[in-house]
Amino acid sequence: MGIIYNIGIKATQLALKCAGPFNEKINLGVKGRAETFKILEKTIEKKDQTLWFHCASLGEYEQGLPVFKALRTHYKTHKIVLSFFSPSGYEIQKNSPIADVVVYLPIDTKKNAKRFLNILNPELTIFVKYDIWPNFLNELKSRKLRAILISASLRENQSYFKWYGKQLKDALFAFEHIFTQNEVSKTLLISINYHQATVSGDTRFDRVFSQLELDNNLDFIERFKADKICVVAGSTWPEDDSLFIDFINNKAPNDVKFIIAPHNIKSDQIQNLQEKLKKEVVLFSNKDEKVLKNASIFILDTIGILSKVYSYADIAYVGGAYGHTGLHNTLEPAVFGIPIIIGSHHDKFPEAKAMINHGGMFSISNQNEFNHILSDLISNQENRVRFGNKNFEFIKKSKGAVVQILDYLRI
């Protein structure tokens, strides 16, 4: 099985290089990985003490951030290396203040793993959620270097629990401890005789709760919203936008404000959305003072401010689950105590199911359901407050994973 895996990794490496010229995202990864060892050799000296944090992408980075921040504070003299596999994580966080150096993770070959760890020799390694790379992890284990996995979310249909997944399963045993999001994940680990696991919950709850301690004020959003009810649609895809286009053009009261934050902010998509809306629109990139006050719709053709924008919402919609692209972060709006609407394709997102059961989130599968629920929330302040409070309560009771992880690490 190890031979098959390593042949597959080499084939994947070749395939990525061949596909790079035809795909911008893949090309960023290929070029970035080509620079990893140069960056590390320039930044890390043999005398340096290091920590290594690894995240698949941006979501896992946000998940691990509360733990990373605590370790950054505790290990003041250590150099911290943060690695990403995906360009969507690296390109946004390549200047992250929690790390001394940020790199793409090299392809998981034995040669790369040895070279990478020869440079780092990390005192502690933290992987987030599920980005498991057997050659890197086995090399950590063979060198007796400490590694833990946090916010692990496992499912029965994953390779670790299948007859053909021996190499991936064995890689899990490189972690001296695994902190899981739920009991199901811990039970699955026990089924393969891995017993060093703790159900700590999801560190994302700690991450979003800390948002309440930040300054979330945005003057231009205050001027846009004024004293009106505000609906914020976060991380939307075209299928999500279609719901709002129909509602805004045909059902929305004139005194309701809408903020739409598309996941893809390419100019052609923004222009297409703007042209289909029949009410006055203002863009973040052209937020004229007069237009801000008079517009009904604000389109965020920018990134990085959505978590603050949610603080102005009376109602939130989170994109990704009306189509099949994957539900985006529902915890960010929930912490501000507002009701949330999502699409129906959320099976792989246990927090969504939990919030629906808790009573603060609503799943819709068609335009009529969307129109009915959104209209009710707009017209009924009592329901908005009641359902929103349920979401805040859910976030508050679910935080605490970071404390358990830091206690284990004796920090």
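This is a predicted model: local features need pLDDT of at least 70, side-chain atom pairs count only at pLDDT 80 or more; totals for chains, interfaces and linings use all residues.
Modeller: Residues are numbered from 1 along each chain as its sequence is written, and side-chain values use heavy atoms, with hydrogens and water left out.

Biologist: How many helices and strands does the chain have, and what makes a run count as one?

Modeller: The chain has 19 helices and 14 strands. Both are DSSP runs numbered from the N terminus, a helix being H or I with at least four residues and a strand being E with at least two.

Biologist: How do you know whether the radius of gyration agrees with that of a compact globule?

Modeller: The rule for a globule is 2.2 Å times the number of residues to the power 0.38, and the radius is taken over C-alpha atoms. For 411 residues the rule gives a value near 22 Å; the chain has 23 Å, and therefore the two agree. The C-alpha atoms fill a box of roughly 65 × 45 × 40 Å along the principal axes.

Biologist: Why is Gly29 called buried?

Modeller: Buried means under 20% relative accessible area, exposed means over 50%, and partly exposed lies in between, with a 1.4 Å probe and protein chains only. Gly29 has 2% relative accessibility, so Gly29 counts as buried. This residue lies in helix α2 (residues 24-43). Not counting residues up to four places away in sequence, Gly29 touches Pro87 and Tyr104, where contact means heavy atoms within 4.5 Å. Gly29 and Tyr104 are 75 residues apart in sequence, yet their C-alpha atoms are 7.2 Å apart in space.

Biologist: Are Lys129 and Lys144 buried or exposed, and how do you know?

Modeller: Lys129, in the loop between β4 (124-128) and α6, has 18% relative accessibility and therefore counts as buried. Lys144, in the loop between α6 and β5 (147-152), has a relative accessible area of 76%, so Lys144 is exposed. Neither residue is a glycine, but each has a positive phi, of about 80° for Lys129 and of about 60° for Lys144.

Biologist: What makes α5 oblique to α6?

Modeller: Helix α5 (residues 110-120) and helix α6 (residues 134-142) pack at an angle of about 50°, with their axes 8 Å apart. That angle makes α5 oblique to α6, because angles under 35 degrees count as roughly parallel, over 145 as roughly antiparallel, 65 to 115 as roughly perpendicular, and the rest as oblique. The axes are lines fitted to C-alpha atoms, for helices over the stretch in contact, and angles run from 0 to 180 degrees between N-to-C directions.

Biologist: Which hand has the crossing of α11 and α17, and what makes it so?

Modeller: The crossing of α11 and α17 is right-handed. A crossing has this name if the near helix is turned clockwise from the far one by less than a right angle, and is left-handed if anticlockwise.

Biologist: Which residues of α11 and α17 meet, and how do they divide?

Modeller: Ser242, Leu243, Phe244, Asp246 and Phe247 in α11 meet Gln367, Phe370, Asn371, Leu374, Ser375 and Ile378 in α17. The residues of this contact divide into 6 nonpolar, 4 polar and 1 charged. Here Ala, Val, Leu, Ile, Met, Phe, Trp, Tyr, Cys and Pro count as nonpolar, Asp, Glu, Lys and Arg as charged, and the others, Gly among them, as polar.
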